[in-house]
Amino acid sequence: QFFVFCHGLLQLSQLLVSGYLKSSISTIERRYGLSSQTSGLLASFNEVGNTLLIVFISYFGSRVHRPRFIGCGAILVSLAGFLMSLPHFITGPYEYDQSVASMFSNTTDLCQPGVPGSRGNLSDAGCTPYAARENHEVLLVMFIAQALLGIGGVPIQPFGISYIDDFASERNSPLYLGILFSVTVIGPGVAFMLGSAMLRFYVDIDKVAGDDVQLTNKDPRWVGAWWLGFLVAASLVAISAVPYFFFPREMPKEVGERDFPVVLLRNLRHPVFLLVVLAQVNLSAMVAGLATFMGKFLERQFSLTASLANMIIGAVNIPGAMVGIVVGGAILKRFQMSLRQCSAMCVLGMFLCLLVAFPLLFLGCPTQKVAGVTYSERYQQLQLSWEQGGHSQGCGYPSSPAALLRCNCPEKAYNPICGSNNIEYISPCSAGCRVVNIDADNSVLNYTNCSCISENGFAGFAKPGTCGTGCSHLFLPFVVLSCLAGILASVSHTPSFMLILRSIQPEDKSFAVGIQFMLLRVLAWMPGPVLYGSAIDTTCILWEKKCDRKAACRYYDNNLFRQR
């Protein structure tokens, strides 16, 4: 029972490290200009180190001191967590386009018709050979950390599961594994809550004074302190690793030597084992993609801050899945189910999950009106007006001829504002705004004298930040249905594990769990986030450009994003 407690704690901490990356993925994309495909590859890269070793480590599982191996793996996981935060300390402060000159820059993205020639902006200012090399170094460090995280995680789950199943009674084993899996599910939940807390702090909290930051966490340019959570999580893993060096080996005597290929083939040819693992692969691929990008999805569909999106996932969706796992384990123990009943329970859970999840295809918001990006009727009228000698200063997308010629807009500026006409502009300059009003603490109140925002024949005004998608009434039904679908799918978790553990030969248990986790990683956890990220990238309608390459996505087609 003490081992179950320790193992639950360790898996919670381990998943805190890997789950925290998923909670801060949209922030890291924004900070380092990554596409969703790249961030998806980063999120799944820990599975590479894991996959290379898991089958062989599991094969030797019955012959080695399992608790000590688990402890060594945990130390590696902790090291990986500290490495993940390193890019913050080896790069300069975060820079963003702004309307008010500051310690970072004396450029402004207001409309300045009198200024000859095209003005530079921060997107281009950072485009030096050093900046490009710095970006490559950041990615290299993160990919190495992810590989280490995977290698460290190899012994933790297979050895822990087989160790518990070896020494627990047949009656109690499902309960212990149910407890273990439910505690394990809390890990990502706590990770998203940790992300929610940390992303409220500004990324350079250790480098710049609070007064110099002109952003709030509702601003689309805001980057939170993503690196802080890795320091917390890595420290917890290091503490959790200590007890494993004091557990006894306690292994029953092996009966005869086994041959690796024979055991591998015996398990892969077992129809129950293979079918259950393939079913788990399909479910896990979906979970891997959702876990990585659900936060980003909620941010874009319902105009939430990264902090709030993480809090919803950590406080609602993941506890829902945990409830499902516990209920599944409790039903197994209460009714002492046969293998046939276990499989029936899995099928029922999945079928009900599909029914509940189907309406999610339709619960969401279209992209807000963004001048020159998703909305052009008014933009075209103003262009025409200018060409005919009107007073429009060039509206909408900043690289339009009018905007460049008349306002001299920085071509790649990104500082979204919401016009009084409820249309979003990607910078004050692209809305033709000439005046910025500042409050006492040096933050932007509003922009006025905006020639592209016409109200009753007069120039309108705009507020800083995005207009939002404006369908918050659909948010609650979405959360309720997605949580319910998660509960129903999770009910099958423990029964499916019991199908595997009870259908194979007892001496193959550790090895079979290893094969299972390898197949899950190769076929689900590795490709899942990359495929999801690639699908999300296909729905982008405006990319940020850094040094003439595509960086992070500014705007998505929300309907396509949701459906794909």
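Trainee: What pLDDT does the chain average?

Mentor: This is a predicted model, where local features need pLDDT of at least 70, side-chain atom pairs count only at pLDDT 80 or more, and totals for chains, interfaces and linings use all residues. Residues are numbered from 1 along each chain as its sequence is written, and side-chain values use heavy atoms, with hydrogens and water left out. pLDDT is the predictor's confidence in each residue, from 0 to 100. Of the residues, 86% score at least 70, and the chain average is 82.

Trainee: Over residues 382-393, under what value does pLDDT stay?

Mentor: The model has 29 contacts there beyond four places in sequence, a contact being heavy atoms within 4.5 Å. Where pLDDT is low, the predicted coordinates should not be read in detail. Over residues 382-393 it stays under 50.

Trainee: How many helices does the secondary structure of the chain come to?

Mentor: Helices (H or I, at least four residues) and strands (E, at least two) are DSSP runs, numbered from the N terminus. There are seven strands. The helices come to 21.

Trainee: How far apart are the end C-alpha atoms of residues 69-90?

Mentor: UniProt, in an unreviewed entry, lists residues 69-90 among its "transmembrane region" features. Its positions are given in the numbering used here, feature names are shortened, and annotations may be inferred rather than shown by experiment. In the model the span is 100% helix and 0% strand. Its end C-alpha atoms are 32 Å apart.

Trainee: Is Thr292 buried or exposed?

Mentor: Thr292 sits in helix 12 (residues 271-302). Beyond four places in sequence, Thr292 touches Lys22, Ile25, Ala43 and Pro529. Buried means under 20% relative accessible area, exposed over 50%, partly exposed in between (1.4 Å probe, protein chains only). At a relative accessible area of 0%, Thr292 is buried.

Trainee: Which strands stand at the edges of the open sheet?

Mentor: Five strands form it, in the order 2-1-5-4-3, with antiparallel pairing. Each edge strand has a single partner strand, so one side of each lacks a neighbour in the sheet. The edges are strand 2 (424-425) and strand 3 (433-438).

Definitions and conventions:
Pairing = 2+ DSSP bridges.
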